[in-house]
2 protein chains.
Amino acid sequence: MRVAGDDCHRDWLEHTDAVLRGAGLRTTAGRSAVVEHLARQRCLVTAQEIVDALRGDEHASASTATVYRALETLHEFGLVRRFDAGEGVARYEPVDPSGDHHHHIVFDDGAVEAFSDRELESAFEGLGERLGVDLTGHDVILRARRPE
Amino acid sequence: MRVAGDDCHRDWLEHTDAVLRGAGLRTTAGRSAVVEHLARQRCLVTAQEIVDALRGDEHASASTATVYRALETLHEFGLVRRFDAGEGVARYEPVDPSGDHHHHIVFDDGAVEAFSDRELESAFEGLGERLGVDLTGHDVILRARRPE
DNA sequence: GTTATTGCAAACAATTTGCATATAA
DNA sequence: TTATATGCAAATTGTTTGCAATAAC
């Protein structure tokens, strides 16, 4: 039985490795640790969370500077998405190489969850044409009240 | 002849005044200057831009701290939207009291433009129900390539 | 051997906060 | 008169950068 999430993450890891290597970048301990941590991640992570997680890992670690530099590199290559819910911290997540993507719900208590909706997705088809611009992507942020 | 934009801004100004006053807040020079500047604004503004604009205005001014505090207050009351395109600066804009709203396109050169699209908007109807959450709002951020 | 990558610590930029003063109600 | 708002400057926070040391290729 295939576990979708796991495969997606393995795919991302392989894809990321290939892209970075293909660009002539070296496979180094720090960046690899960041990439592997992201691959393990389902949700949005902050740079600080990666630093902390790696500090607690005896097999890998990376300084704050390295984490930020790795994230910047990954972002340049379109391998991670940067997401900013407006709390002053940037959050990152792997970009699924298969093209699948999801969006986010920010709850009033600050929690962030992922969601996807085919119907909403299809509303973006043809939008670029209607607006007369060359769309390269889209993000949706829903705000929701936490049910009490 | 009615000029839509102007009316909308006047409406927002009056609405904002009423809400703040209704909450027992005082009508003070600093906050009023910020509110009036926002009302005059069509596009997304940063806190710093407001400070600078007011510094050049002989009739009004507000310190950095006051501008941030005013924006925070307005945001709490849902009178402004905070928008973060991921460049590390928060941008604010009035929330139209009539319920009308628009979204944003971030171009690869960093420019941000507003847009609205009825078709896209209608895709959000029923979304909360489909997802089983109580939606209070939504933001859409399009990414686009600047035509060369 | 070269050149990219790292860690550290210092530098930065946006935003927040403490506190004494000013002012709207 | 009294509590809210302000300005200033210092403090915080998230992120970036210079540079010498290190490690990939």
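A residue is taken as near a strand if one of its heavy atoms lies within 4 Å of it. The views below show a predicted model.

**View 1. Surroundings of DNA strand D.** Of the atoms of DNA strand D that come within 4 Å of the protein, 63% belong to sugar or phosphate, and the rest belong to bases. By class, the surface near DNA strand D is made up of seven nonpolar, seven polar and five charged residues. At least two residues of this surface are supplied by each of α4 of chain A, α2 (29-40) of chain B and α4 of chain B.

**View 2. Phosphate contacts of DNA strand D.** The side chain of Ser63(B) places an N or O atom 2.9 Å from a phosphate oxygen of DNA strand D.

**View 3. Surroundings of DNA strand C.** The residues around DNA strand C number 19, of which Arg26(A), Thr28(A), Arg31(A), Thr66(A) and Tyr68(B) come nearest. Sugar and phosphate make up 70% of the atoms of DNA strand C that come within 4 Å of the protein. The surface near DNA strand C divides into seven nonpolar, seven polar and five charged residues. Chain A contributes to this surface through α2 (29-40) and α4 (64-76), and chain B through α4 (64-76), each with at least two residues.

**View 4. Base and phosphate contacts of DNA strand C.** A base oxygen of DNA strand C lies 2.6 Å from a polar side-chain atom of Arg26(A). For Tyr68(B), the distance from a polar side-chain atom to a phosphate oxygen is 2.4 Å. For Thr28(A), an N or O atom in the side chain is 2.8 Å from a phosphate oxygen.

**View 5. Arg146 and Phe107 in chains A and B.** In chain A, Arg146(A) lies over the face of Phe107(A), 3.8 Å from the ring centre. In chain B, Arg146(B) lies over the face of Phe107(B), 3.9 Å from the ring centre. As for rings paired with rings, the count of aromatic pairs over all chains is zero.

View 6. Asp117(B) is placed in the loop between β5 (112-115) and α5 (118-122) of chain B. Is this residue buried or exposed? Asp117(B) counts as buried because its relative accessibility is 11%, and buried means under 20%. With residues up to four places away in sequence left out, Asp117(B) touches Leu127(A) and Arg130(A). The side chains of Asp117(B) and Arg130(A) are joined by a polar contact of 2.9 Å.

**View 7. His9(B) in helix α1.** His9(B) belongs to helix α1 (residues 4-22) of chain B. Its relative accessibility is 13%, so His9(B) counts as buried, given the limit of under 20%. Apart from residues up to four places away in sequence, His9(B) touches Ala39(B), Gln41(B) and Arg42(B).

Definitions and conventions. Residues are numbered from 1 along each chain as its sequence is written. Chains are lettered from A and ligands numbered from 1 in the order in which they are written. This is a predicted model: local features need pLDDT of at least 70, side-chain atom pairs count only at pLDDT 80 or more; totals for chains, interfaces and linings use all residues. Side-chain values use heavy atoms; hydrogens and water are left out. A polar contact is a pair of N or O atoms within 3.5 Å; within protein, one must be able to donate a hydrogen and the other to accept it, and residues adjacent in sequence count only if both atoms are side-chain atoms. Helices (H or I, at least four residues) and strands (E, at least two) are DSSP runs, numbered from the N terminus. Ala, Val, Leu, Ile, Met, Phe, Trp, Tyr, Cys and Pro count as nonpolar, Asp, Glu, Lys and Arg as charged, and the others, Gly among them, as polar. Rings of Phe, Tyr and Trp (its six-membered ring) pair if their centres lie within 6.5 Å; planes under 30 degrees apart count as stacked, over 60 as edge-to-face and the rest as tilted. A charge sits over a ring if NZ of Lys or CZ of Arg is within 6 Å of the ring centre and within 35 degrees of the ring normal. Buried means under 20% relative accessible area, exposed over 50%, partly exposed in between (1.4 Å probe, protein chains only). Contact means heavy atoms within 4.5 Å.
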